[in-house]
Number of protein chains: 4
Amino acid sequence: MAGSWFNVAVSDESPRYAYLGPEGTFTEQALRALPDYQGATVRPAATVTLALDAVRTGDADGAVVPIENSVEGSVPVTLDELATGDPLRIAREMTVPVAFSLLVRPGTVVADIKRIATHPHAAAQTRKWCAVELPEAEVVHTTSTAAASAALADDTAAWEAAISAPLAAEHYGLEALFSGIGDNEEAQTRFVLVTRPGTPPPRTGADKTSLVAFMREDHPGALLEILEQFTSRGINLTRIESRPTGAALGNYCFSIDLEGHVEDSRVGEALMGLRRICADVRFLGSYERHDGISPTIRPGTSDQEFNAASAWLTRLREGR
Amino acid sequence: MAGSWFNVAVSDESPRYAYLGPEGTFTEQALRALPDYQGATVRPAATVTLALDAVRTGDADGAVVPIENSVEGSVPVTLDELATGDPLRIAREMTVPVAFSLLVRPGTVVADIKRIATHPHAAAQTRKWCAVELPEAEVVHTTSTAAASAALADDTAAWEAAISAPLAAEHYGLEALFSGIGDNEEAQTRFVLVTRPGTPPPRTGADKTSLVAFMREDHPGALLEILEQFTSRGINLTRIESRPTGAALGNYCFSIDLEGHVEDSRVGEALMGLRRICADVRFLGSYERHDGISPTIRPGTSDQEFNAASAWLTRLREGR
Amino acid sequence: MAGSWFNVAVSDESPRYAYLGPEGTFTEQALRALPDYQGATVRPAATVTLALDAVRTGDADGAVVPIENSVEGSVPVTLDELATGDPLRIAREMTVPVAFSLLVRPGTVVADIKRIATHPHAAAQTRKWCAVELPEAEVVHTTSTAAASAALADDTAAWEAAISAPLAAEHYGLEALFSGIGDNEEAQTRFVLVTRPGTPPPRTGADKTSLVAFMREDHPGALLEILEQFTSRGINLTRIESRPTGAALGNYCFSIDLEGHVEDSRVGEALMGLRRICADVRFLGSYERHDGISPTIRPGTSDQEFNAASAWLTRLREGR
Amino acid sequence: MAGSWFNVAVSDESPRYAYLGPEGTFTEQALRALPDYQGATVRPAATVTLALDAVRTGDADGAVVPIENSVEGSVPVTLDELATGDPLRIAREMTVPVAFSLLVRPGTVVADIKRIATHPHAAAQTRKWCAVELPEAEVVHTTSTAAASAALADDTAAWEAAISAPLAAEHYGLEALFSGIGDNEEAQTRFVLVTRPGTPPPRTGADKTSLVAFMREDHPGALLEILEQFTSRGINLTRIESRPTGAALGNYCFSIDLEGHVEDSRVGEALMGLRRICADVRFLGSYERHDGISPTIRPGTSDQEFNAASAWLTRLREGR
């Protein structure tokens with residue numbers, strides 16, 4: 001990526017954020033939730049890869065990309081980009097409710113709608129609504145929900161309506177004919193702010209740590225051994241997904257989110273254990289949980305208990 | 001889907017197969033590997049969902065769909081379609097090497113190529129080759145590799161070359177300017193033949209069983225408990241993936257492939273154990289492994305040992 | 001042992017019980033707690049081995065022997081005799097509070113007591129009391145607490161007092177100068193009624209099962225594997241002890257008591273699993289718990305759930 | 001115990017050893033195997049408790065006591081004395097083959113032998129030999145094998161032969177009529193040299209560590225959790241025994257020997273883990289194995305790997 005890709009003309013203090021575009025998507029909604037969004041310079045990137053590469057090259061200070069969707073699951077490209085290439089860190093997580101709207105050009109009425117365009121994931125999440133409300137309309141797939149809206153706006157579209165994030169109406173001068181048309185009202189997408197490596201943000205007591213563990217060899221008990229590194233230190237996992245490493249069918253790494261911060265003694269010991277039994281462990285960061293939920297500390301796993309046990313061991317070794 | 005969707009005009013014995021289209025993809029290559037392909041009636045479906053629905057409605061006897069790709073990972077829509085809706089069964093698995101070709105209209109030379117079209121997955125798997133061989137060409141994304149080829153063939157394309165399965169050249173009257181251009185020569189895609197439920201195919205000694213386990217509650221040790229059902233019976237897993245159930249972020253089911261056949265005693269006992277501790281278990285079938293590798297039977301887990309232990313227990317209970 | 005060892009002259013229905021003698025010990029107290037003690041013919045045996053051999057040869061219908069003491073631990077000879085030789089079964093368990101008395105010949109006063117005799121185990125359990133109440137008296141060891149009393153009774157003793165079970169006073173015409181002199185008022189001894197193999201007593205819902213598991217090889221995880229057979233079926237252990245097999249230092253078997261009855265599905269499956277992974281498993285019986293405590297049935301481990309899972313597996317295998 | 005109990009009249013450097021007496025037992029054989037036995041002042045103690053108390057009070061620098069017998073199992077009193085009271089440490093282990101002899105007064109012949117005296121454990125280990133060679137002789141029990149010999153020597157015995165350690169012949173002026181009469185030629189007894197706490201002896205690479213773990217509560221998975229502290233760090237156990245804590249039936253502690261030294265990183269981390277999950281852990285020492293066998297170091301558990309993982313964690317926390 002050329003140094004000029006990112007159009008930056010700002011003071012030193014102003015952060016520069018890339019995000020998965022186009023404009024008007026849920027990712028932009030997540031971006032707007034950043035505390036320093038107001039003073040920031042922002043720019044959409046065409047793909048997750050381009051957004052993260054902007055951070056790697058220094059063209060951006062951070063990138064906001066989707067990482068997990070409660071309906072469609074993880075976003076494979078984000079997981080894979082974080083697992084390989086130059087190291088990156090997750091500095092923050094944000095969730096955005098997946099509230100779809102049916103957007104149309106001003107003046108369009110229901111009877112006009114023959115075809116509806118949207119991204120396949122959005123189509124999957126509004127399938128029931130469409131079947132009930134617009135059973136005759138054909139659903140066509142676009143590369144993003146925003147692309148479906150953008151084409152409507154510039155009159156190049158072969159469709160009369162787009163299913164999209166509400167924000168797209170503002171960007172493209174469209175109207176929401178229906179809102180909240182998702183089949184699952186609880187649906188959310190989780191986004192992360194990704195930066196270059198640095199000192200993790202301080203502990204808040206309600207933190208999450210993300211990592212990727214590459215198995216040393218694909219033996220039957222390997223996953224069990226990995227899990228035991230966490231359970232033996234009383235650490236809950238909030239997400240675990242296997243991902244192929246690209247080497248061969250059946251060769252996996254595990255993308256893991258756990259409760260706690262790298263500064264927690266129990267997390268530190270588990271990370272060291274993982275590092276010893278795995279071919280590689282990539283630390284992706286410790287950051288505050290979006291929901292502020294503090295973990296339950298199991299007996300024997302608090303920092304105080306770790307410190308007391310460590311002092312005891314020192315006494316034993318010194319013969320006191 | 002209407003009963004007429006599938007254009008069948010064949011004898012009773014002739015199987016009717018749906019497959020993920022369009023024509024000329026790796027899926028068609030997998031379809032052609034079926035033993036009874038010669039006499040079969042086949043028809044492409046626009047999506048995995050449509051291909052599987054054809055089986056559910058009885059319009060097709062079976063459907064060939066991709067389930068796992070060694071580079072891009074699992075095919076989420078296939079996993080999700082198998083996990084929900086009317087039950088289906090995997091009757092067979094096939095693997096196809098992912099050997100990409102750069103297809104052009106006859107007469108096109110390298111210097112003509114300004115833009116290359118392909119599916120994003122294929123773009124990801126040929127990224128290095130393109131960067132080296134055609135660094136100036138722009139890569140654009142289409143909904144399938146075959147769509148990129150088809151547009152070339154009918155002259156509607158805004159590109160001069162398509163990255164595609166070799167089979168597409170035959171279908172669309174194109175030429176392969178380069179072959180074997182994938183970045184990973186070992187890359188494979190795994191396909192499955194999906195049918196309606198029925199008696200599983202007989203044991204071959206080199207079988208695989210697929211299932212989906214829905215956790216009863218999302219407590220920390222739940223995945224560990226699931227894994228222990230297998231390890232305590234000496235069963236190796238060849239794939240395990242978490243998938244969101246669609247209910248909420250963090251609510252998962254596990255899609256699992258294991259070594260062995262439902263008729264094996266150890267597999268039967270593990271399935272029963274899983275059924276008891278899970279909210280639900282969906283059995284997706286037992287079928288011969290594509291690679292013919294027989295599992296190593298751990299001491300104490302053969303059918304003979306299961307039978308001997310069962311006879312012993314009967315004697316104890318009867319006081320003999 | 002000669003057929004005449006056991007002095008039997010009774011009707012066919014009258015049970016013949018051996019017990020670890022001599023008369024007047026806690027074992028006799030346990031014997032008296034048997035429901036059919038009143039009509040029984042009973043006879044003390046000099047050792048646990050002789051008592052159990054009487055059952056093996058048919059000279060006795062059952063034998064009452066100590067198996068566990070809350071202060072001194074298991075009774076090794078009982079565990080070892082049950083683990084080897086002709087098979088025997090535990091048909092019942094009884095507990096007796098360990099309530100020691102200081103017995104003397106009528107007329108003896110505290111000032112007369114220079115030496116106190118008792119079994120080493122009883123000495124250990126009354127050490128604190130003796131140190132406080134009779135600090136000047138010497139404690140000498142005898143082969144049983146009853147032997148200490150018996151010698152007092154026939155005037156051959158080189159001591160003036162015996163620490164013994166209260167029952168010994170009645171047998172030997174002695175007086176209890178002090179009662180309840182044990183250092184631990186909660187101390188109990190557990191006894192078992194041992195018979196020849198036969199149909200286990202019916203389930204009561206509050207049962208215990210005893211067994212001995214011989215490891216196939218002494219590899220590091222062997223004990224873990226044994227325990228997992230129980231935990232994976234939700235079975236609690238109430239006692240587990242390693243015992244040397246006599247072959248070499250470091251070669252162990254495990255003597256185990258667990259909650260549940262051999263007729264319980266979860267216990268049956270765990271026993272079969274154990275049988276498959278162990279060199280040998282000796283079933284020692286299922287019997288009602290002395291304390292009537294019913295186990296907590298973990299989700300997924302009830303007989304109903306086992307039956308439902310079994311029916312489900314049958315349907316899968318039959319293609320229904 | 002009075003300060004004068006131990007008859008010391010030696011230079012400051014001369015070690016003073018107590019041992020379980022009387023003279024002429026296997027324990028004395030073990031004592032003689034100490035490297036500094038030649039210059040030592042030694043004294044038999046009547047019981048294990050007295051021998052260990054001599055160390056606790058400072059009357060002895062060390063005590064040699066039996067801890068494990070390959071036929072009869074552990075020596076409960078030694079385990080219990082080490083588990084409670086003022087802390088002690090195991091500084092060394094020694095094994096002695098259990099080679100029994102039949103000792104008689106000079107001139108005694110086989111036909112003279114009507115009764116044979118020995119300790120019950122020795123009787124159990126020579127039962128088969130006696131049944132074959134001296135089937136008519138009655139076996140009587142004494143408090144030690146040496147006591148049986150001593151009584152022969154001073155003509156007070158009601159028996160004509162003693163089964164004893166060979167060493168007793170020398171002490172009591174007896175003759176070995178038969179040697180090597182144990183039923184199990186492989187039988188060994190393990191002895192330990194016990195001292196007051198101090199800096200553990202340096203690592204030899206073939207070390208053992210002993211400890212006692214007191215469970216925090218007697219919940220079903222407690223033993224499993226304890227074992228996982230070791231297996232998750234690749235540590236083999238060479239002995240594990242449950243012992244009642246004396247509080248109530250079913251309330252246990254675990255006496256454990258493991259491969260490795262407290263200075264080993266993996267042992268240190270496991271000890272700390274144990275300390276955190278247990279009500280109490282008593283460290284009983286690290287010492288060279290009697291058999292010089294070095295443990296197999298599992299991948300990921302060497303000191304180098306521990307150090308590398310620790311350095312890695314430090315870098316993560318510091319943002320490097």
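Helix axes are lines fitted to C-alpha atoms over the stretch in contact, and the angle between two of them runs from 0 to 180 degrees between N-to-C directions. The model discussed here is predicted.

**Helix packing**

Within chain B, helix α8 (residues 222–231) packs against helix α9 (residues 265–277) at an angle of about 160°, and the two axes are 8 Å apart. Angles over 145 degrees count as roughly antiparallel, and α8(B) is therefore roughly antiparallel to α9(B). The crossing of α8(B) past α9(B) is right-handed. On the α8(B) side the residues involved are Glu225(B), Ile226(B), Gln229(B) and Phe230(B), which meet Ala270(B), Gly273(B), Leu274(B) and Ile277(B) of α9(B). Sorted by class, this contact of α8(B) with α9(B) has five nonpolar, two polar and one charged residues.

Helix α10 (residues 303–317) of chain B and helix α9 (residues 265–277) of chain C have axes that come within 9 Å and cross at roughly 125°. At that angle α10(B) and α9(C) are oblique to each other, and α10(B) passes α9(C) in a right-handed crossing. From α10(B), the contact draws on Glu305(B), Ala309(B), Ser310(B), Trp312(B) and Leu313(B), while α9(C) contributes Gly268(C), Leu271(C), Met272(C), Arg275(C) and Arg276(C). The class composition of the contact of α10(B) with α9(C) is five nonpolar, two polar and three charged residues.

| Helix pair | Angle | Axis distance |
|---|---|---|
| α8(B) and α9(B) | about 160° | 8 Å apart |
| α10(B) and α9(C) | roughly 125° | within 9 Å |

In chain A, five strands form an open sheet with mixed pairing, in the order β8-β7-β9-β6-β10. Its edges are β8 (138–141) and β10 (175–179) of chain A, each of which pairs on one side only. From one strand to the next, the twist averages 30°. Inside this sheet, β6 (residues 101–104) of chain A and β9 (residues 161–164) of chain A pair in the antiparallel sense over four bridges. One of the residue pairings places Leu102(A) with Ile163(A), its bridge partner in β9(A). Helix α6 (residues 145–153) of chain A lies across β6, β7 (115–118) and β9 of chain A, and runs at about 150° to β9(A).

In chain D, an open sheet of five strands has the order β8-β7-β9-β6-β10, and its pairing is mixed. At its edges stand β8 (138–141) and β10 (175–179) of chain D; each has a single partner strand, so one side of each is left without a neighbour in the sheet. Direction ignored, neighbouring strands of this sheet are turned by 30° against each other on average. Strands β6 (residues 101–104) and β9 (residues 161–164) of chain D are paired in the antiparallel sense over four bridges, and Val104(D) stands opposite Ala161(D) in β9(D). Helix α6 (residues 145–153) of chain D packs on the sheet and touches β6, β7 (115–118) and β9 of chain D, its direction making about 150° with that of β9(D).

**Relations between chains**

The contact between chains A and D takes 28 residues from chain A and 27 residues from chain D. On the chain A side, the elements that give two or more residues are α8 (222–231), α9 (265–277) and α10 (303–317) of chain A. By class, this side of chain A has 11 nonpolar, 10 polar and seven charged residues.

How are chains A and D related? A rotation of 180°, with 0.0 Å of shift along its axis, superposes chain A on chain D with an RMSD of 0.1 Å. The two copies are thus related as by a two-fold rotation axis. Of the interface residues of chain A, 96% are also interface residues in chain D, so the copies meet through the same surface.

Other chain pairs do not touch. No contact joins chain A and chain C, and their closest C-alpha atoms lie 13 Å apart. Chains B and D likewise have no contact joining them, with closest C-alpha atoms 13 Å apart.

**Cis peptide bonds**

In chain B, the peptide bond from Gly21(B) to Pro22(B) is cis, with omega near 0°. Pro22(B) lies in the loop between β1 (16–20) and α1 (26–32) of chain B. In chain C, a cis peptide bond joins Gly21(C) and Pro22(C), where omega is about 5°. Pro22(C) is located in the loop between β1 (16–20) and α1 (26–32) of chain C.

Technical notes
Residues numbered from 1 in each chain as written. Chains lettered and ligands numbered in written order. Predicted model: local features only at pLDDT ≥ 70, side-chain atom pairs only at ≥ 80, totals over all residues. Parallel < 35°, antiparallel > 145°, perpendicular 65-115°, else oblique. Left-handed = near helix turned anticlockwise from the far one by under 90°. Contact = placed C-beta atoms within 7 Å. Nonpolar A, V, L, I, M, F, W, Y, C, P; charged D, E, K, R; others polar. Pairing = 2+ DSSP bridges. Least-squares fit on C-alpha atoms with pLDDT ≥ 70 in both.
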